[in-house]
Every structure is written in structure tokens, then in C-alpha cells.
Amino acid sequence: MVKNGTMYMAPNAPVGKAFDQFFKNGKWKSFVSDKNDRIVEFTGECNWNNRPAKLTAQFKLYKDNSFELAYLDINGNPTTVLGGLDIMQKILHQYRAK
């Protein structure tokens, strides 16, 4: 659902395709959190601020098949919600359809 979905800030950029273009060694997994939320997690490697970095993003899934960014960290350093959304916007806006 997340890989094929889009976010409001970039409605023409499928999350999975944008991540494939931006990251190396991307991995997806899903699980149920301690709070019984359905979570889809992505981890991947990229260059961030001209340095190698590992990003982890978690998306919370809802019963209506929508989702939202619930958590994001770079190199194990969590961002704020607004910081995570800003990073997502930068990644998604670099997507170019092929």
C-alpha cells in the first residue's frame, strides 16, 4: 500500500518508486506495533548533507488504506514530525517518472 501510494506533498510521486531512485539497498518490512498499529518500515542508504547516511522511515497504516509518516531517523537520530515531513518532501520531489 505504501510503496504504490503517494503523499499529499507530492501526489505524482509513488513512494516506492521515489525511494528506489533515491536510496541504495532499500528494504521494506511490515509489522504490528506494541500499540497494535500496522506499520510499514523502510530502510535505505543515501547521501545526506554530502555524507553517507542510513534512513529509517515508518508509516502507520489505517483501515481505509491510507497511511502517514509516523517516524523517521537518519543514522539513528530521530527527527521531529515536521522534520521528517520536510525530508520526505525533498525525497519525493526528486522523483522523476521514467
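**Close-up views of a predicted model**

View 1. Gln 58 sits in strand 3, where strands (E, at least two residues) and helices (H or I, at least four) are DSSP runs numbered from the N terminus. This is a predicted model, so local features need pLDDT of at least 70 and side-chain atom pairs count only at pLDDT 80 or more, while totals for chains, interfaces and linings use all residues. Residues are numbered from 1 along each chain as its sequence is written, and side-chain values use heavy atoms, with hydrogens and water left out. Gln 58 counts as buried because its relative accessibility is 18%; the cut-offs are under 20% relative accessible area for buried, over 50% for exposed and partly exposed in between (1.4 Å probe, protein chains only). Its side chain makes a polar contact with the side chain of Glu 41, at 2.6 Å. A polar contact here is a pair of N or O atoms within 3.5 Å; within protein, one must be able to donate a hydrogen and the other to accept it, and residues adjacent in sequence count only if both atoms are side-chain atoms. Not counting residues up to four places away in sequence, Gln 58 also touches others, including Phe 31, Ile 39, Leu 69 and Tyr 71 (contact means heavy atoms within 4.5 Å).

View 2. Strand 3 (residues 51-61) and strand 4 (residues 67-74) run antiparallel, joined by 7 bridges; strands pair if DSSP finds at least two bridges between them. Lys 60 has Glu 68 in strand 4 as its bridge partner. This hairpin leaves 5 residues between the strands, and Asn 65 in the turn has a positive phi of about 70 degrees. Next along, strand 4 is joined to strand 5 (residues 77-78) by 2 bridges, again antiparallel, with Asn 77 in strand 5 as the bridge partner of Ile 74. That hairpin has 2 residues between its strands, and Asn 75 takes a positive phi near 55 degrees.

**View 3. Aromatic rings around Phe 19.** The structure holds 9 aromatic pairs. Rings of Phe, Tyr and Trp (its six-membered ring) pair if their centres lie within 6.5 Å; planes under 30 degrees apart count as stacked, over 60 as edge-to-face and the rest as tilted. Phe 19 and Phe 23 are edge-to-face, 5.2 Å centre to centre with 65 degrees between the planes. Phe 19 and Phe 59 form a tilted pair, at 6.4 Å and 45 degrees. Phe 19 and Phe 59 are both buried. Ring pairs link them into a cluster with others, among them Trp 28, Phe 42 and Trp 48.

View 4. Val 15, Gly 16, Ala 18, Phe 19 and Phe 22 are buried in helix 1. They cover an arc of only 165 degrees around the axis, so they lie on the same side of helix 1; the arc is that of the directions from the helix axis to the C-beta atoms. On the other side, Lys 17 and Asp 20 are exposed. The buried residues pack against several elements, including strand 1 (24-32), strand 2 (38-48) and helix 2 (81-93).

**View 5. The largest nonpolar core.** This core has 28 residues, and those with the most contacts inside it are Met 7, Leu 55, Phe 59, Met 88 and Leu 92. A nonpolar core is a set of buried Ala, Val, Leu, Ile, Met, Phe, Trp, Tyr and Cys residues joined through side-chain atoms within 4.5 Å. Strand 3 gives the largest share, 5 residues. Leaving aside neighbours within four places in sequence, Leu 92 is in contact with Met 7, Met 9, Ala 10, Ala 13, Val 15 and Ala 18.
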